[in-house]
Each structure stands twice: as structure tokens, then as C-alpha cells.
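Student: I'd like to walk through this one with you. Can we go step by step and check each label as we meet it?

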Amino acid sequence: MSDHDVLFWRMLALFQSLPELQPAQIMTWLTRDQDEALTPARLSAFTQSQLKAFFPGDEVLMSPGRWSRVKACLRGELPHHLRVATFPQRQPQLLAAFASQDGLMINGHFGQGRLFFIYAFDDDGYWLHSLRRYPSAPQQDEPNEVRAQLLRDCQLLFCEAIGGPAAARLIRHNIHPIKVPAGLTITSQCDNIKKLFAGQLPPWLAKRLDRANPLESRVF
């Protein structure tokens, strides 16, 4: 992960930890009287006294626990829904991408989405495998092709909305798009996928994962 990506995910966590402040307020707060751009190293170096000196919000709302969470975000100690897990001894059997604006809800439109949260699954459960975002630099390829390439190792994509041509493009990349109703959380959908692994997979998913198809043994 590049420094730009590390910086982005730390700032997203910080924005979420201070919902009463606008992102622009937080950026002004952290860059006050500084000529250099923000970097992960600079975020980690902030002391609590420095942060308190120009805090743009109501300090009455800032308990010691909240300050600890702010400092943790700046150091890169992200909350669970943004914390990529590494299990060298576990091999993902399925990768599912979730289009989300916050890492909590499946609330992203694929064709407009910039953030994708990739979860890995095996027989023992699931974990956050990687965080991916649409490149900020101009791209030569069509935007949805860039998104498809970003998810090229995934078997499933969950999103709140997706157009027909975009869905067809994903299918050509062997990614199965699934549109879900508004209000569904990533965790609840991951739990549903976990239940599938514990039972019989749908034939289309069994084929996609090169697993036994339960219909093949059925006598007609």
C-alpha cells in the first residue's frame, strides 16, 4: 500500500471518529501553519497537546477515550472495519468485494464507487483481506473497466446499485455482481456467505469455486 493510500485510510478513520466535524475542518486543523503536505509520518508525530491547541470542535465532547481514538487513527491503528487482517496459515477460498462509502454499509453504486472493501472467506470464517480505491490519477481505460481490473481477483461484488452494461462487464471478468437492498451491512452479508460455506453452495457459486456441484449427484 502506497503512502497516499495509507494516508487516505487513516484520514477516513479520523473523519469517522469525529462525525460532528466536516472533513474540511479536520484538514484545516491538521495542516494549520504547516507548509508541507500531510504524510503518515506527520500524522503519527502529532501530540495530544498539539491537537488540542487548535481543535475546531467543542472540547467538552472530547473525553480521554475519544482523544485516544483520534491518536490511534493518526498512528494507523484503525477500527476493526478498516483493519486489514493477515493470516499466513489461511488461504482464501473466496474473495468478495463490497462497494461502500464507509466500510460498514453496502451503500455504493458500482459505477460511481471509489471505495471497495475486500473480504476473504474460508471454512473457518472471514476477514478483511484488503482495502482498495479507485485511482485518483487520470486513467486511460473506461472507468468501469478500471473498477473491474481493481477487483479482478474477486469472485463476488456486492453493491447497492449497478447498471446493466457494468454488470455484463464484471461477468466477462468472472466477477458475479449482486445488488442488495438499502440498509444492508457488510457484516450481515459476510455472515450469510459464511452460512453458505457451512452448507451446500448454490450451483453457480460451486462452479465458480471449482467445488462439487450438489446437483450433479441428484438422480432425476
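Student: Which domains is the protein divided into?

Tutor: There's domain 1 (3-79) and domain 2 (94-209). Keep in mind that this is a predicted model. The centres of the two domains, taken over C-alpha atoms, are separated by 30 Å.

Student: What makes up the contact between them, residue by residue?

Tutor: Domain 1 puts in six residues and domain 2 puts in seven residues. About 560 Å² is buried between domain 1 and domain 2, with carbon and sulfur atoms giving 65% of that. On the domain 1 side, F8, W9 and Q16 lose the most area to domain 2, together 72% of what that side buries.

Student: Why quote an area at all?

Tutor: Because the size of an interface is often given as the accessible area lost when the parts come together.

Student: How many salt bridges run between domain 1 and domain 2?

Tutor: The count is one salt bridge. In the structure as a whole there are seven salt bridges.

Student: Why is the D5 and R133 pair called a salt bridge?

Tutor: The closest N and O atoms of D5 and R133 are 2.7 Å apart. The cut-off is 4 Å between a side-chain nitrogen of Lys or Arg and a carboxyl oxygen of Asp or Glu, so this pair qualifies.

Student: What brings such side chains together in general?

Tutor: Side chains of opposite charge can pair when their charged atoms come close.

Student: How do you know whether D122 is buried or exposed?

Tutor: Its relative accessible area is 7%. Buried means under 20%, so D122 counts as buried. The side chain of D122 also meets that of R90 in a salt bridge, at 2.8 Å from N to O. That pair links distant parts of the chain, 32 residues apart: D122 sits in strand β2 (residues 115-122), and R90 in the loop between α5 (64-75) and β1 (94-99).

Student: Then what about R132 and D153: buried, exposed or partly exposed?

Tutor: R132 has 14% relative accessibility, which is under 20%, so R132 is buried.

Conventions:
Residues numbered from 1 in each chain as written. Predicted model: local features only at pLDDT ≥ 70, side-chain atom pairs only at ≥ 80, totals over all residues. Heavy atoms only, no water. Helix = DSSP H or I, 4+ residues; strand = E, 2+ residues; numbered from the N terminus. Buried < 20%, exposed > 50% of the residue type's maximum accessible area, 1.4 Å probe, protein only. Domains from an automatic or database assignment. Contact = heavy atoms within 4.5 Å. Buried area = accessible area lost by both parts, 1.4 Å probe.
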